[in-house]
Amino acid sequence: MLVVQTFSVSPVPAGLTIVSRDETTDGRLHLDVRPVQRSSSCPDCGRHSSGVHSHYQRHLADLPWHGRIVAMRLTARRFRCRTPDCKMQIFTERLPGVAAWRAQRSDRLAESQRAIALVAGGEPGSRLAHRLAMPVSGDTLLRMIRSAPVPGFVAPTIVGIDDWAWRRGQRYGTIICDLERNRVLDLLPDRNADSVADWLKRWPGIKIVARDRAGVYAHGARRGAPGAMQVADRWHLLSGLGEALRQAVSRHRSAVSAATKIMASAQGAQANPAPTSPGLTKLRADRKAGRRERWEEICQLDKLGHPTSSIAELVGVTQRTVQRWIAGGGEPEHVRPHIQSHLLGPFEEWLEARWRSGHQVGQQLWRELKELGYKGSRNTVAR
Ligand SMILES: [Zn+2]
């Protein structure tokens, strides 16, 4: 036996009932509706009243019905408030869950249109909404976005603090993220221990602060969230590890070159020792030597007939780099313009030491230099 379960489907929101319907030539469905409720509560004193004063009509757009635009003509009522000293002697009925007071669309239509707006934006959203038989203007959609309720905010307990650049190498601010929800919580205009401390004080529930290794944030976190545990975040740990590894390997450069030579002679090719340039700083010389070694490796592999894709993989550079270097006949020279400033000259050593210890904000260095007696411009320092 076939059992058909039936349930009632109404084209209008719960709380309204259809009085009559007619379809117009433009394909719209016009519905005359009235509220189901017998009484309404006074918006001022909250007392329910069923004493009808008069009727009036409201026009409400609603969700489409089988692809047709639905327009409702709602016969609403005015009620008398029975509370003796209430300001609202007569009030219009409220329809919670159906439509907001004075709104021209049902709550459920507004919800759908807002969802369209949040995905598609104003004008594109308007075009889509017309296509879906719930027409609305782009301006109205933008208003709906602005009035959309903000999703509940949860007080942060694990935050990450790092810098962000207003302008690279010159001016930095601080970014604070909720690491549990992967959400940016705030941008502070500067990179200052006081600002970080003030911010953290506002959220006493913070248990863990992930930060870089610079002293500023450590200091700020100690003062702003003294009970919180401070940890180095994964990026800074890996970055520090990578740098340490690079330095460790570069200290054993001669051993690495010797090993390369043995390998190369086993393969019948000859390796050249890497030249060093005593004029450059050690760091720059290391990088230059590194590029030279990579170029030599590329040459050898190329001679042995390896395709660029496998050379790239073996040497650890991109295929594009291999092609470019081979086409150019050598590794690129990294030309660094020398700072020619007689004003900065006496401070160069100090500046370099400062740079190496992690102080790399031009503006800050310039201020410190000024205190030491430097009279030149900030741009020279930044450069
Ligand atoms: Zn009242």
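Biologist: What makes the pair of Trp164 and Trp166 tilted?

Modeller: Their ring centres are 4.9 Å apart and the planes sit at 40 degrees, so the pair is tilted. By the way, this is a predicted model, where local features need pLDDT of at least 70, side-chain atom pairs count only at pLDDT 80 or more, and totals for chains, interfaces and linings use all residues. Residues are numbered from 1 along each chain as its sequence is written, and side-chain values use heavy atoms, with hydrogens and water left out.

Biologist: Is Trp166 buried, partly exposed or exposed, and how do you know?

Modeller: Buried means under 20% relative accessible area, exposed over 50%, and partly exposed in between (1.4 Å probe, protein chains only). Trp166 has 43%, so partly exposed is the label. Trp164 is partly exposed too, at 22%.

Biologist: Next, the zinc ion. How do you know which atoms are its protein donors?

Modeller: Donors are N, O and S atoms within 2.8 Å of the metal (3.2 Å for Na, K and Ca); water is not among the atoms, so sites may look incomplete. Here the SG atoms of Cys42, Cys45, Cys81 and Cys86 lie 2.2 to 2.4 Å from the zinc ion, and their spacing along the chain is C-x2-C-x35-C-x4-C.

Biologist: Why is Cys86 called buried while Cys45 is called partly exposed?

Modeller: Cys86 has a relative accessible area of 8%, so it is buried. Cys45 has 37%, so it is partly exposed.

Biologist: Last one: what makes strand 10 and strand 12 edge strands?

Modeller: Strands are DSSP runs (E, at least two residues), numbered from the N terminus, and two of them pair if DSSP finds at least two bridges between them. Five strands form an open, mixed sheet in the order 10-9-8-11-12. Strand 10 (183–188) and strand 12 (229–232) each have a single partner strand, so one side of each is left without a neighbour in the sheet.

Biologist: And how many bridges join strand 8 to strand 9?

Modeller: Eight, and the two strands run antiparallel.

Definitions and conventions. Helices (H or I, at least four residues) and strands (E, at least two) are DSSP runs, numbered from the N terminus. Rings of Phe, Tyr and Trp (its six-membered ring) pair if their centres lie within 6.5 Å; planes under 30 degrees apart count as stacked, over 60 as edge-to-face and the rest as tilted.
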